[in-house]
Amino acid sequence: MGKKLNRPTQKDKVLRYIREFGKITSWDAYSQLGVTQVATRIFELKQDGYVFTKKRVNTLNRLQEKTHYDEYMLVEVEP
């Protein structure tokens, strides 16, 4: 059999993205990383000892209807 590849997990991808860009939204996670459940990945990272803040952003969609989304930012990492 072939050598097993060590591919980054979705958690790894989300963490790397936040470290590079300072924050992540569900749209960022989906469009840039292919991750559809960013809140679940954030929850799992919290269980691993990472600390996040969440900011609710209110905006209008393309139909000019009110909507909102969350931005997640890394605060600190487990020592």
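These legends go with a set of close-up views of a predicted model.

Residues are numbered from 1 along each chain as its sequence is written, and side-chain values use heavy atoms, with hydrogens and water left out.

View 1. Helices here are DSSP runs of H or I with at least four residues, strands are runs of E with at least two, and both are numbered from the N terminus. Helix α1 covers residues 10-21, 12 residues in total, and spans 16 Å from its first C-alpha to its last. That is close to the 16 Å expected at 1.5 Å a residue, where the expected span is 1.5 Å times one less than the number of residues. V14, L15, Y17 and I18 are the buried residues of α1; buried means under 20% relative accessible area, exposed over 50%, and partly exposed in between (1.4 Å probe, protein chains only). Looking down the axis of α1, these buried residues fall within an arc of 160 degrees, so they line one face of the helix. The arc is taken from the directions from the helix axis to the C-beta atoms. Over on the other side of α1, R19 and E20 are exposed. Just after the helix comes G22, with a positive phi of about 90 degrees.

**View 2. Helix α3, one face in.** Helix α3 runs over residues 38-47, and V38, R41, I42 and L45 are buried in it. Down the axis of α3, its buried residues sit within an arc of 100 degrees, so they line one face of the helix. After α3 comes G49, whose phi is positive, near 110 degrees.

**View 3. The largest nonpolar core.** A nonpolar core is a set of buried Ala, Val, Leu, Ile, Met, Phe, Trp, Tyr and Cys residues joined through side-chain atoms within 4.5 Å. The largest one has 13 residues, and those with the most contacts inside it are V14, I18, I24, V38, I42, L45 and F52. The elements giving two or more residues to this core are α1 and α3, and α1 gives the most, with four. Zoom in on L45: leaving aside neighbours within four places in sequence, it is in contact (heavy atoms within 4.5 Å) with K11, V14, L15, Y50 and F52.

**View 4. Two aromatic pairs.** The structure holds two of these; rings of Phe, Tyr and Trp (its six-membered ring) pair if their centres lie within 6.5 Å, with planes under 30 degrees apart counting as stacked, over 60 as edge-to-face and the rest as tilted. Y17 and F21 make a tilted pair, 4.5 Å centre to centre with 40 degrees between the planes. Both lie in α1, four residues apart, about one turn of the helix. In W27 and Y30, the ring centres are 6.0 Å apart and the planes are at 50 degrees, so this pair is tilted. W27 and Y30 both belong to helix α2 (residues 26-33), three residues apart. W27 counts as exposed at 58% relative accessibility, while Y30 is partly exposed at 49%.

**View 5. Around the β2–β3 loop.** Q64 is found in the loop between β2 (51-60) and β3 (66-76). Its phi is near 65 degrees, a positive value in a residue other than glycine. Q64 counts as exposed, at 56% relative accessibility. L60 has its place in strand β2 and, leaving aside neighbours within four places in sequence, is in contact with E65, K66 and T67.

How values were computed: Predicted model: local features only at pLDDT ≥ 70, side-chain atom pairs only at ≥ 80, totals over all residues.
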